[in-house]
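Dear colleague,

Please find below the structure that I am handing over to you. I would be grateful if you could look through it before reading the notes that come after it.

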Amino acid sequence: GRSSAIITVSKALKDALMELGIDRERMTVLPNGVDLNQFYPCDMCESPIDGNPSELNLISVGNLVPAKGHHFVVEALRRMSNARLLIVGEGPYESELRRLARSLGVDDRVRISPNVTQEVLRGYYCAADVLILASEREGMPNVVLESIACGTPVVATAVGGIPEVLSDTRIGLMIPRPSAEAIAEAIAALMQEKSDATLIRKYAERFDWSSTVDGQLKIFETVIEEG
């Protein structure tokens, strides 16, 4: 049977479904939200990053699988002598990432952490200078929303719904496809933007979960009334 309503997390996904013949009128874009009470800028959060002002602290969060592109960020460290990388995630690609870091001579600047609680993750975001999401594909990634809610700018691949979030270069920069060179260049350019944590947080507030929940309730009400 035909569904009465379809919710997509991004305009990109809605457009893809339209190409498959799904009726535009039945689809509503409701992006993923972020818990603004859980993710927020903080100076005293727990973190493994010591915040050395002479170093660039990078974070990459996601399952340790090739499609997440962590390896591109590891490779980018060779182009940034003052950068350190914290990878947060678990998965089958961990040993390969460690081997890659050793082979490139950057293993002393790469740390891999298993998944952590949201409270600890908040501290990681806040202590980082940039979140990098070098994925080959995404929907509307929570990690980007969580990072900007903490006031931390983002470098991400322009896939899925990411262009719908990173519409301001002070919030983050996009690369057309993941590569070590593109990541290093985007990080350098982002640092020139002199991003402000307060501005980034303010921008993130438009992705509060409450607006998404309100949108869902309106759809349910409409479907019931038309039922």
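The notes below describe what was found in this structure.

This is a predicted model, in which local features need pLDDT of at least 70 and side-chain atom pairs count only at pLDDT 80 or more, while totals for chains, interfaces and linings use all residues. Residues are numbered from 1 along each chain as its sequence is written, and side-chain values use heavy atoms, with hydrogens and water left out.

**The sheet**

Six strands make up an open sheet with parallel pairing, in the order S5-S4-S3-S6-S7-S8. Helices (H or I, at least four residues) and strands (E, at least two) are DSSP runs, numbered from the N terminus, and two strands pair if DSSP finds at least two bridges between them. Strand S5 (110-113) and strand S8 (172-175) stand at the edges with a single partner strand each, so one side of each has no neighbour in the sheet. On average, neighbouring strands of this sheet are turned by 20° against each other, direction ignored. Axes here are lines fitted to C-alpha atoms, for helices over the stretch in contact, and angles run from 0 to 180 degrees between N-to-C directions.

Strand S7 (residues 154-157) pairs with S8 in the parallel sense over 4 bridges, and Thr-157 stands opposite Ile-175 in S8. Helix H7 (residues 180-192) packs on the sheet, where it touches S3, strand S6 (130-133), S7 and S8. The direction of H7 makes about 160° with that of S8. Contact means heavy atoms within 4.5 Å.

**Aromatic pairs**

A search of the whole structure finds 2 aromatic pairs. Rings of Phe, Tyr and Trp (its six-membered ring) pair if their centres lie within 6.5 Å; planes under 30 degrees apart count as stacked, over 60 as edge-to-face and the rest as tilted. Phe-39 and Tyr-125 form an edge-to-face pair, at 5.9 Å centre to centre and with 65° between the planes. Phe-39 lies in the loop between strand S2 (27-29) and strand S3 (56-61), and Tyr-125 in helix H4 (residues 118-127), so this pair ties together parts that are 86 residues apart in sequence. Phe-39 counts as buried at 1% relative accessibility, and Tyr-125 counts as buried at 0%. Buried means under 20% relative accessible area, exposed over 50%, and partly exposed in between (1.4 Å probe, protein chains only).

Tyr-203 and Phe-207 form a tilted pair, 6.2 Å centre to centre with 55° between the planes. Both Tyr-203 and Phe-207 are buried.

**Around helix H4**

The buried residues in H4 include Val-120, Leu-121 and Tyr-125. Among the elements that cover the buried residues of H4 are S3, strand S4 (83-88), S5, S6 and H5. Thr-152, in the loop between helix H5 (142-149) and S7, counts as buried at 3% relative accessibility. The side chain of Thr-152 reaches the backbone oxygen of Tyr-125 at 2.7 Å. Beyond four places in sequence, the residues that Thr-152 touches include Cys-126, Ser-147 and Ile-200.

**Glu-94**

Glu-94 is found in helix H3 (residues 94-103) and counts as partly exposed at 29% relative accessibility. The side chain of Glu-94 makes a polar contact with the side chain of Arg-98 (2.8 Å). A polar contact is a pair of N or O atoms within 3.5 Å; within protein, one must be able to donate a hydrogen and the other to accept it, and residues adjacent in sequence count only if both atoms are side-chain atoms. Leaving aside neighbours within four places in sequence, Glu-94 is in contact with Leu-64 and Ile-112.

Yours sincerely
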